[in-house]
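Please load the model in your viewer and keep the selection panel open. The stops below are meant to be followed in order.

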Amino acid sequence: ETLHFPNKFIWGCATASYQIEGAFAEDGKGESIWDRFSHTPGKIKNGDTGDVACDHYHRFSEDVNMMAEINLPAYRFSISWSRILPSGTGKVNEKGLEFYDRLVDKLLEKQIIPFVTLYHWDLPQALEDRGGWRNKDIASAFAEYVKVVVNRLSDRVTNWMTLNELPCVAFLGYQDGYHAPGAKEPPQVVNQVIHNLLLAHGLGVQVVRTQAKKQPEVGLVHNPAVKIPATNSPEDFAAAKAAWFESNAWWFEPLYKGKYPRDLWQEKGKDVPEITDEEMEIISTPTDFLGLNMYTGALVKADNTPGSKGFKEIPYPEDHPKTTMGWPINPDCIYYALKFPREKYDIPKLYVSENGCALNDVISEEGKVYDISRIHYLRDHFASAHRAIKEGINLAGYFVWTLMDNFEWAYGCSQRFGIIFTDYSSQKRILKQSALWYKDFIEKTKQPQ
Ligand code: GCO
């Protein structure tokens, strides 16, 4: 049976500046926290860096041509703050803006809709030196940067995403130190980082709305904790929903209700962030959509043992299929990740802003990449999205992570997430079978006219 998606449904691929661009010190670009972090010995697997990555800065035109070859309808990419404002604030680097001009023009020439992420983790090092996300001033620095970008690109770009995956910035970057800037801060500081990120998001939304030359749509990209009922029983459904709320309320309540959840606030005691009413109002500025990045989910069962919260997580079986990241494959993650927020909040529309899988891709003797497992992964996850749409969930589009194999943060170049194979020594690209399959899938699943 062929699944049909709504006519206006937007299919795309997603990338991020530091993961693909390279040209880390070219044309006036300033240092970012990822440049500093990847140049610090021991931080990245195999000592890899994003200095060159996919060399997309120089090869963007070929890369867009490949997108056109598979008739890709939309492309989500991020802008490197330190290319635009090398010191974070103040002096604007014209050459940085010109790069994104060229990229956007090329996309439009090929009729590919640009979705711009304003922050995907590559903070200018100069701002980190002033406290980075620990320091509230960063929110107005972000607003200044957004204004420059929106003024420049909003005659051509209408889809704006403020920040990507705030929990990763706060927890991996400032709590556990696995990501740049590699900090290990105490809980109060981490909670302040979260608040400052949310505040930057809210200010960013307001700047996009007031500055855009064409009617914009703007929203956040979030990676929620995903909870999947372990069985079809209503008890497990209720348990998964309760677990979802517990894990996600700290993010969704300020965004959609303008307040932190009271019980969690009390639990944090003296570790709560410094906030004002005005800031809470900014954070909850209405948005046009919410982007969700999902790769897997935790299995949840009802738990009636005395003293329990009513739910518990259960592990996947030992031999359950996993990607090379070690993430269990469970297509239901898409359906439930879209369903639970909708039951709780009035969210105008949703995107799957990232989903995909890392696998051990190899080039065959005839020079092809037969990534059959990725095709199965995508097929099953798309079907899960379809199930949500059929139930009336307002999903507007789906972005596969990622266009081409790239620099996977602390894992360096060891993880291949692309539907295009990147040969890092020659910078040759090969369309994997999954790219060809995706092209075909998009065409075939259009609503019959
Ligand atoms: C993100 C992601 C991407 C990763 C992908 C696979 O936050 O948007 O971290 O940048 O490459 O999620 O881990």
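**Stop one: a covered strand and its partners**

Begin by selecting strand S10, residues 350-355, where 6 of the 6 residues are buried, buried meaning under 20% relative accessible area with a 1.4 Å probe and protein chains only; strands (E, at least two residues) and helices (H or I, at least four) are DSSP runs numbered from the N terminus. This is a predicted model, in which local features need pLDDT of at least 70 and side-chain atom pairs count only at pLDDT 80 or more, while totals for chains, interfaces and linings use all residues. Residues are numbered from 1 along each chain as its sequence is written, and side-chain values use heavy atoms, with hydrogens and water left out.

To get from S10 to S11 the chain passes through helix H14, residues 372-390, in a right-handed β-α-β crossover, that is, one whose path from the first strand over the helix to the second runs clockwise when the strands point away from the viewer.

**Stop two: the ligand**

Next, select the ligand and the 13 residues around it, of which Gln19, Asn164, Glu165, Glu354 and Glu408 come nearest, a residue being near if one of its heavy atoms lies within 4 Å. Show distances from the ligand's oxygen atoms: one is 3.0 Å from an N or O atom in the side chain of Tyr295, while a polar side-chain atom of Trp409 lies 2.9 Å from a ligand oxygen atom. For Trp401, the distance from a side-chain N or O atom to an oxygen atom of the ligand is 3.1 Å. Taken alone the ligand exposes 330 Å², and the protein buries 96% of that, with areas from the Shrake-Rupley method and a 1.4 Å probe.

**Stop three: a lysine in a loop**

Finally, select Lys432, in the loop between strand S13 (428-431) and helix H15 (433-444). Is Lys432 buried or exposed? Lys432 counts as buried because its relative accessibility is 0%. Setting aside residues up to four places away in sequence, Lys432 touches residues including Asp361, Arg374, Asp405 and Phe421, where contact means heavy atoms within 4.5 Å.

Definitions and conventions
Buried < 20%, exposed > 50% of the residue type's maximum accessible area, 1.4 Å probe, protein only. Polar contact = N/O pair within 3.5 Å; in protein donor to acceptor, adjacent residues only side chain to side chain.
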